[in-house]
Amino acid sequence: MCMRLFRSDIYGFWEREVRNWKLGKRKGSFAARFFGIDDRPSKVVGAGGRGAVCDPKRVRVCRAFCCNFEKFGFAPLNPFDVILLSRRMGLAPVEFLDENGVSYCLSSGECSVSEVFKLAKQANGYCMFNVGNPTYTCDIYKYRPLECKNYPYSINIAYLNSLLMVKTCPGFERGRRISLEEAKELNERTRFSTAMISLSFNVDKAVLRRCLSAKRFGEVHRNFLDRLGVPYAGPVSTIDIEEVVDRIYDTAGIREALAEVELPQDKNYVVEKVKRLYPSLQTDDN
Ligand code: SF4
Ligand code: SF4
């Protein structure tokens, strides 16, 4: 009897812990608090919930955790990030992407068909655009990739295709409450970003396998840019967004990528979105 009571207490306690953990009410589970670690789950973002805050003071405290690729994954690039950043650097997109050259960007380097373009890192593990100690700020802040702008929000396709706030950001749940309009905007922007990143998977798979096995990454990059129809003979000065979208629309699987994140699969929608998210692509301000 005594034993049964004891066990049900434990189960009751455990169920409460799990329920609170799922509801996000706990600042970590009992075990996590006991061992002094934070195991709060990343949180589904909705209207009325607290958002995250990232300000220069906080960046000093967190030491730009999200820009440290030793500790935190990587910063993936979509085609429009590549075009914008290469303009900014005064390089042709292929030079920006060329691993053997300036090395601003690397492909994943693994012999995998799920190739993704990402920013290269410095010897200290930080993104090559992070200025490091003591401010840890981003040297290209205005032109940073869309995924950097979205962080700590991201879409988790495997988890109900939902918008999540990533708990590893120290600004997690420290911001003000999010309105319905903000939640919608965040949701759409992160979905769009996820879809555009997946376009870099759509390089020609046969070419990709051949180049990766021979470690000829430059060829992969050229193939990618050929598909985008982006000239790589010199720095791109003016960008016709409609033309770029037009060129990649039927070959790069945009429709499938948008469908996966439940966004409209309309060419005009993509053009309008890119124009809004990349205003400096339409001006000479590079
Ligand atoms: S581009 Fe800027 S914000 Fe993005 S990872 Fe690099 S330093 Fe950080
Ligand atoms: S998004 Fe979060 S982890 Fe990244 S710099 Fe801002 S506070 Fe730090």
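**Close-up views of a predicted model**

View 1. Strands (E, at least two residues) and helices (H or I, at least four residues) are DSSP runs numbered from the N terminus. In a regular strand the side chains alternate between the two faces of the sheet.

Residues are numbered from 1 along each chain as its sequence is written, while chains are lettered from A and ligands numbered from 1 in the order in which they are written. Because the model is predicted, local features need pLDDT of at least 70 and side-chain atom pairs count only at pLDDT 80 or more, whereas totals for chains, interfaces and linings use all residues.

**View 2. The open sheet E1-E5-E4.** Three strands form an open sheet in the order E1-E5-E4, with antiparallel pairing, where two strands pair if DSSP finds at least two bridges between them. E1 and E4 stand at the edges with a single partner strand each, so one side of each is left without a neighbour in the sheet. Four bridges join E4 to the antiparallel strand E5 (residues 162-165), and E1 pairs with E5, also in the antiparallel sense, over two bridges. Leu164 in E5 stands opposite Ser154 and also opposite Val44. Helix H7 lies across E4 and E5 and runs at about 65° to E4; axes are lines fitted to C-alpha atoms, for helices over the stretch in contact (C-beta atoms, placed from the backbone, within 7 Å), and angles run from 0 to 180 degrees between N-to-C directions.

View 3. Gly46 is found in the loop between strand E1 (43-44) and helix H3 (56-62), and with 12 other C-beta atoms within 10 Å it is exposed. The C-alpha atoms of Gly46 and Leu164 are separated by 9.0 Å, although the two residues are 118 residues apart along the chain.

**View 4. The surroundings of ligand 2 and the backbone at Pro152 and Ala64.** Around ligand 2 stand residues including Cys54, Arg58, Ala64, Tyr151, Pro152 and Cys169, a residue being near the ligand if its C-beta atom, placed from the backbone, lies within 6 Å of it. By class, this shell has ten nonpolar, one polar and one charged residues, where Ala, Val, Leu, Ile, Met, Phe, Trp, Tyr, Cys and Pro count as nonpolar, Asp, Glu, Lys and Arg as charged, and the others, Gly among them, as polar. A cis peptide bond with omega of about 10° joins Tyr151 and Pro152, and Pro152 is found in the loop between H6 and E4. Ala64, in the loop between H3 and helix H4 (79-89), has a phi near 45°, a positive value in a residue other than glycine, and counts as buried, with 21 C-beta neighbours inside 10 Å.

View 5. The residues around ligand 1 include Cys67, Leu119, Phe129, Asn130, Arg144 and Cys148, and by class the shell has nine nonpolar, one polar and one charged residues.

Conventions: Buried ≥ 20, exposed ≤ 12 C-beta atoms within 10 Å, placed from the backbone. Contact = placed C-beta atoms within 7 Å.
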